[in-house]
Amino acid sequence: MKEKILVFDTTLRDGEQSPGAALNVQEKVEIARQLEKLGVDVIEAGFPASSPLQFEAVQRVGSESSAIVAALARAVQSDITAAWKALSLAQKPRIHTFIGTSDIHIAGKFGSDRYGVTLKEKRQTILKMAVDAVSFAKTFTPDIEFSAEDAGRTDQGYLAEIIEAVIGAGATTVNIPDTTGYTWPSEFGKKIADLHNCVQNIGDAIISVHCHNDLGLAVANTLSAIEHGARQVECSMNGIGERAGNASLEEIVMALKVRSDLHNFYTGIVTEELYNTSRMVSTFTGIIIQPNKAIIGDNAFSHESGIHQDGMLKNRHTYEVMTPESVGVPQTNIVLGRHSGKHGLQSRLHALGYDLQDTELETVYKRFVDIADKKKEVYDDDLRVLMGDERSKPRNAYELDYLHINSGTASIPTATVRIRHNAQVFEESATGDGPVDACFRAIERALGLESLVNSYSVRSTTAGRQALGEALVRIRDNNSFFNGRGISTDIIEASAKAYLQALGMRQHHFENNTPETIDSEV
Ligand code: KIV
Ligand code: ZN
């Protein structure tokens with residue numbers, strides 16, 4: 001009998017904690033729809049207590065999704081209440097509560113004497129907080145997950161004690177995170193096996209694992225945990241997440257599938273949807289996938305050397321352990337052009353994972369025609385970038401109405417911009433070190449704003465001289481980052497749009513006073 005491994009996707013929660021990856025609500029909803037098509041069992045949609053935006057995103061995803069939707073909460077009543085409120089419309093809600101259990105976490109986060117003076121006392125307080133949190137969450141819904149944060153570095157005896165206690169209080173999933181990506185596969189596997197063997201009531205809950213990739217071992221640790229009793233894996237698309245990221249969903253799933261000769265496990269993932277999901281996440285987060293990334297990188301199925309190409313022509317299995325089709329990598333390039341109709345566009349977007357309402361289609365079609373007029377052939381990647389741009393618009397956006405650039409080898413780069421915002425028009429010119437610098441300065445002058453540009457990049461979405469350029473700008477304000485994305489066949493225009501969008505995001509953030517970070521205690 002084959003056993004199912006549940007896939008808990010945390011792209012929208014831990015994945016979104018990747019520096020600069022902030023997603024807006026619409027983007028999260030779109031990704032959640034695609035995750036459902038992909039067949040994940042649980043979608044962790046966010047951390048409602050951490051900001052109104054997170055709350056709204058969990059609410060929207062919950063109201064739409066037929067998968068289990070999880071909301072994160074620290075082990076305190078206010079967080080759990082917020083998580084439950086955000087999940088109120090979900091068909092299958094799950095409250096996911098966590099608390100740090102390693103001595104390092106205990107000493108760092110619970111240093112105050114009110115948690116106890118000695119380590120022993122503090123451990124008892126934390127155990128009680130964990131049990132209280134699970135019991136409180138249980139008053140709202142039966143599906144409760146508990147995570148022992150930094151379990152990878154937690155004393156094994158204490159970990160077993162806390163896990164037994166929370167299961168006793170009603171936790172139905174117990175998650176063992178390797179929060180710092182510190183463990184070694186055999187060591188982590190043993191940790192799971194010990195819990196499996198020593199915790200009396202372990203049969204009343206599913207063991208889950210959540211591995212970070214600081215040493216590049218997240219997937220190996222996850223697979224080792226499965227071999228030793230874990231039946232839920234927490235992972236993210238493209239492996240995005242805090243620091244070096246989380247275990248990559250596509251790698252775990254394909255490793256299990258391709259090496260099914262070694263074990264008796266399967267997942268419910270529709271692997272042919274991996275590529276579309278991966279691209280959508282990359283487009284919306286602005287996190288580019290490294291070309292040699294396993295499974296979904298551009299080079300994952302490219303064969304460069306003559307010997308390899310020759311081998312492939314004779315027999316694909318010579319150098320490929322899976323087919324590109326099995327993970328949804330398109331084998332033919334469907335190209336749209338200015339004569340493609342609305343339905344042609346709609347069906348292509350559908351194939352890429354985007355389902356548009358009629359009014360949305362109208363707007364996107366206008367933009368598509370505009371692009372098709374400029375670059376004749378519109379590829380899938382152009383459409384993805386267009387959708388990324390469309391979805392990322394902030395409310396109260398600054399709109400670039402006019403841009404003029406004067407630049408050359410013998411002239412001082414000068415830019416003039418006209419910007420519309422809330423029925424107001426702002427116009428200014430500026431010089432700079434280059435055309436982009438001049439453009440950014442003109443924008444700052446026109447709006448009377450300044451910012452620290454933390455990162456700026458431009459890439460072409462497809463090959464060829466008429467390629468669509470995508471600019472990504474990240475600005476920093478104290479500890480907060482704001483991303484902007486702009487697209488155009490003209491990269492200076494794309495850059496100006498991206499900068500305006502980042503400024504718009506920052507403005508929106510301050511107008512709505514959305515706190516991005518919460519008290520680190522607890
Ligand atoms: O890495 C971690 O420990 C987490 C928990 C909140 C599950 O993300
Ligand atoms: Zn994590």
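A salt bridge is a side-chain nitrogen of Lys or Arg within 4 Å of a carboxyl oxygen of Asp or Glu. In this predicted model, Glu-27, Arg-459, Glu-470 and Arg-485 are linked in a network of such salt bridges. The count by this rule comes to 40 salt bridges.

**Salt-bridge pairs**

Side chains of opposite charge can pair when their charged atoms come close.

| Pair | N to O distance |
|---|---|
| Asp-143 and Arg-94 | 2.8 Å |
| Asp-261 and Arg-259 | 3.0 Å |
| Arg-506 and Asp-477 | 3.3 Å |

Asp-143 and Arg-94 form a salt bridge in which the closest N and O atoms are 2.8 Å apart. This pair links distant parts of the chain, 49 residues apart: Asp-143 lies in the loop between helix H5 (119-138) and strand S6 (144-149), and Arg-94 in strand S5 (residues 92-100). Asp-143 counts as buried because its relative accessibility is 17%, and the limit for buried is under 20%. Arg-94 is likewise classed as buried, at 5% relative accessibility.

The side chains of Arg-506 and Asp-477 meet at 3.3 Å, N to O. Here too the pair links distant parts of the chain, with Arg-506 in helix H16 and Asp-477 in strand S15 (residues 469-477), 29 residues apart. Arg-506 is buried, with a relative accessibility of 7%.

The salt bridge between Asp-261 and Arg-259 spans 3.0 Å, N to O. Asp-261 counts as exposed at 56% relative accessibility, since exposed means over 50%. Arg-259, with a relative accessible area of 41%, is partly exposed.

**The second largest pocket**

The volume of the second largest pocket is about 590 Å³. Its lining consists of 21 residues, and Arg-367, Asp-389, Lys-393, Ile-487 and Lys-497 lie nearest the centre. By class, the lining has 10 charged, eight nonpolar and three polar residues. At least two lining residues come from each of helix H13 (358-375), strand S11 (399-408), strand S16 (480-488) and helix H16 (491-511). Helix H16 also holds Arg-506, the partner of Asp-477 described above.

**A nonpolar surface patch**

Val-453, Tyr-456, Val-458 and Ile-491 make a nonpolar surface patch of about 290 Å². Strand S14 (residues 452-460) gives the largest share of this patch, three residues. Tyr-456 lies in strand S14 and counts as partly exposed because its relative accessibility is 34%, a value between the limits of 20% and 50%.

Definitions and conventions:
Residues numbered from 1 in each chain as written. Chains lettered and ligands numbered in written order. Predicted model: local features only at pLDDT ≥ 70, side-chain atom pairs only at ≥ 80, totals over all residues. Heavy atoms only, no water. Patch = residues over 30% accessible without salt bridge, like charges linked within 9 Å, V, L, I, M, F, W, Y side chains within 5 Å. Areas by Shrake-Rupley, 256 points an atom, 1.4 Å probe, with all protein chains shown as cover. Helix = DSSP H or I, 4+ residues; strand = E, 2+ residues; numbered from the N terminus. Buried < 20%, exposed > 50% of the residue type's maximum accessible area, 1.4 Å probe, protein only. 1 Å grid on protein atoms, 1.4 Å probe; cavity = no way out; pocket = protein on both sides within 12 Å on 5 of 7 lines; lining within 4 Å. Points joined across faces, edges and corners; volume = space filled by probe spheres on them. Nonpolar A, V, L, I, M, F, W, Y, C, P; charged D, E, K, R; others polar.
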